[in-house]
Amino acid sequence: MAIGITKLDATVVEAAESVAASSIEWASDTGGTVLNAGTTEIYTGVTLQVSVAFHADAVGDGILHVRHSADSGTTEDTEDVSTYAKTIAVVPSTTIIVSYHIPYMFDYLDVGMENEDAAEVLTWSCKYVGSKLTGLATV
Amino acid sequence: MAIGMTKLDATVVEAAEEVAAEAIEWASDTGGTVLDAGTTEIFNDVILQVSVTFHASATGDAILHLRTSADSGTTEDTADVETYAKTIAVSAGNTVIVSHLVPGQFDYLDVGMENEDGTYVLDWSCKYSGSKMTGLATV
């Protein structure tokens, strides 16, 4: 099978999810879709775009987390241990949109949003642009 | 021979190994499998996923080490001299799973786990996902 490249654009990881106070919500939880390449595929040059809507009374930041798996999601990294990616500083009543680039090829990526506010829910969504190589051999 | 690319997923480096107190255990020691590309191959953007289980009374961290070789393993870097990769903070009685990216291309990689605890054994395992280019010419 010939090697090919597939363009990925506006691909949804999370459409619109709430994160409870002082917790993390992952794409691998209900409602999201992790980036999980097929058997003969691998992602390359992916840029996540995350939207975070803060409550009017929020004082805690949003924290973007990413975690990998070497076996297509059977075993994911331990939450909040080396999964930190980026801080989205709180702006009450405002939606903040930021991008985060994954500058290497990967097979599996789970995306999480941590709400550091102790009282108010935040709402987030995530999509990405990038590409994946297809038609790879396997062993 | 045409250049190709092979997907690597859930490839085992260490299945389940113990590390004695204040010691380093390498994949190149008994029981492990180093990443050693074939004559016409080279690894590309590998993500190691390491699992460490700490004794219930452990107080010392675990240290992930990596070392390379310019001659496919005949001569490896000296252990603990510029081989540090990542600290996995002790979490007594728990298993912690972390990923570590090895960016770019490489021919050989040996993976080691250091146990900084002065008394207790730790258990570790390691697998990886990534890819390798195949069908390279040689000189």
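Guide: Gladly! Two strands pair if DSSP finds at least two bridges between them. Keep that in mind as we look at this predicted model.

Visitor: What makes strand β10 of chain A and strand β1 of chain B a pair?

Guide: Two bridges join β10 (residues 137-138) of chain A to β1 (residues 4-19) of chain B. Pairing needs at least two bridges, so these strands count as paired. They run parallel, and Ala137(A) stands opposite Thr6(B).

Visitor: How many residues does each chain bring to the contact?

Guide: Chain A brings 25 residues and chain B brings 21 residues. On the side of chain A, twelve are nonpolar, nine polar and four charged.

Visitor: Why is Thr134(A) called partly exposed?

Guide: Thr134(A) has 16 other C-beta atoms within 10 Å. Buried would take 20 or more, and exposed 12 or fewer. The value 16 lies in between, so Thr134(A) is partly exposed.

Visitor: Where does Thr134(A) lie, and which residues is Thr134(A) in contact with, leaving aside its neighbours within four places in sequence?

Guide: Thr134(A) lies in strand β9 (residues 122-134) of chain A. Its contacts are Gly4(A), Thr6(A), Thr40(A) and Glu41(A).

Visitor: How do you know that β1 and β7 are edge strands in the open sheet of chain A?

Guide: The four strands come in the order β1-β9-β4-β7, with antiparallel pairing. Both β1 (4-19) and β7 (95-102) pair on one side only, and they are the edge strands. β1(A) pairs with β9(A) over eleven bridges, and Lys7(A) has Ser131(A) in β9(A) as its bridge partner.

Note on methods
Residues numbered from 1 in each chain as written. Chains lettered and ligands numbered in written order. Predicted model: local features only at pLDDT ≥ 70, side-chain atom pairs only at ≥ 80, totals over all residues. Contact = placed C-beta atoms within 7 Å. Nonpolar A, V, L, I, M, F, W, Y, C, P; charged D, E, K, R; others polar.
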